[in-house]
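Reader: I've just opened this model and I'd like a close look at one part of it. Could you walk me through the sheet and whatever sits around it?

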Amino acid sequence: MTTVGEVMTTDVVSVEPTDNVIEAVAAMSGAKSGSVLVLAAGSLVGIFTERDVMRALAYAGNADRARVSTVDRWMSEHPVTVDPTATVADALNQMLFGGFRHLPVVERDRVVGVVSMRDLARSIAAD
């Protein structure tokens with residue numbers, strides 16, 4: 001069975017909790033990614049996704065306020081993670097039941113990658 005470690009992206013795109021939304025969007029755009037991990041002193045504290053950008057724009061009052069508000073205001077704290085030895089099926093189940101499209105991959109409290117719904121779909125299609 002294919003593992004998460006075989007299909008995950010190891011080029012982790014990250015921001016700090018105090019970075020503003022526009023910085024996070026720029027990082028996501030530059031990496032062609034739908035999410036960035038939020039790291040504080042190298043530790044995973046959240047995940048910031050395209051959905052969070054939409055929430056910031058919808059609820060900040062205006063676009064200017066949304067752009068300069070900090071990531072920690074909109075991120076999902078303490079995101080669900082997956083181990084690189086988990087199967088693709090296990091990761092897919094976590095995503096489907098959790099309602100999200102990106103999972104940080106953590107091994108011994110260290111972020112080693114990210115797996116997306118797209119990564120999992122490609123893996124399943126290749127089998």
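Reader: In what order do the strands of the open sheet stand, and what kind of pairing do they have?

Author: The order is E1-E2-E3-E4, 4 strands in an open sheet with mixed pairing. Strands here are DSSP runs of E, at least two residues, while helices are H or I runs of at least four, all numbered from the N terminus; two strands pair if DSSP finds at least two bridges between them. This is a predicted model, where local features need pLDDT of at least 70, side-chain atom pairs need 80 or more, and totals for chains, interfaces and linings use all residues. Residues count from 1 along each chain as written, and side-chain values use heavy atoms, leaving out hydrogens and water.

At the edges you'll find E1 (14-15) and E4 (76-77), each with a single partner strand, so one side of each has no neighbour in the sheet. E2 and E3 run antiparallel, joined by 6 bridges, and Leu37 stands opposite Ile47 in E3.

As for the largest pocket, its lining has 20 residues, with Lys32, Ser33, Gly34, His102 and Ser116 nearest the centre. E2 (35-40), strand E6 (110-116) and helix H6 (117-126) each give two or more, and H6 gives the most, with 4.

Note on methods:
On a 1 Å grid over the protein atoms alone, a cavity is a set of points where a 1.4 Å probe fits but cannot get out, and a pocket is an open set with protein on both sides within 12 Å along at least five of seven lines; lining residues have an atom within 4 Å of a point.
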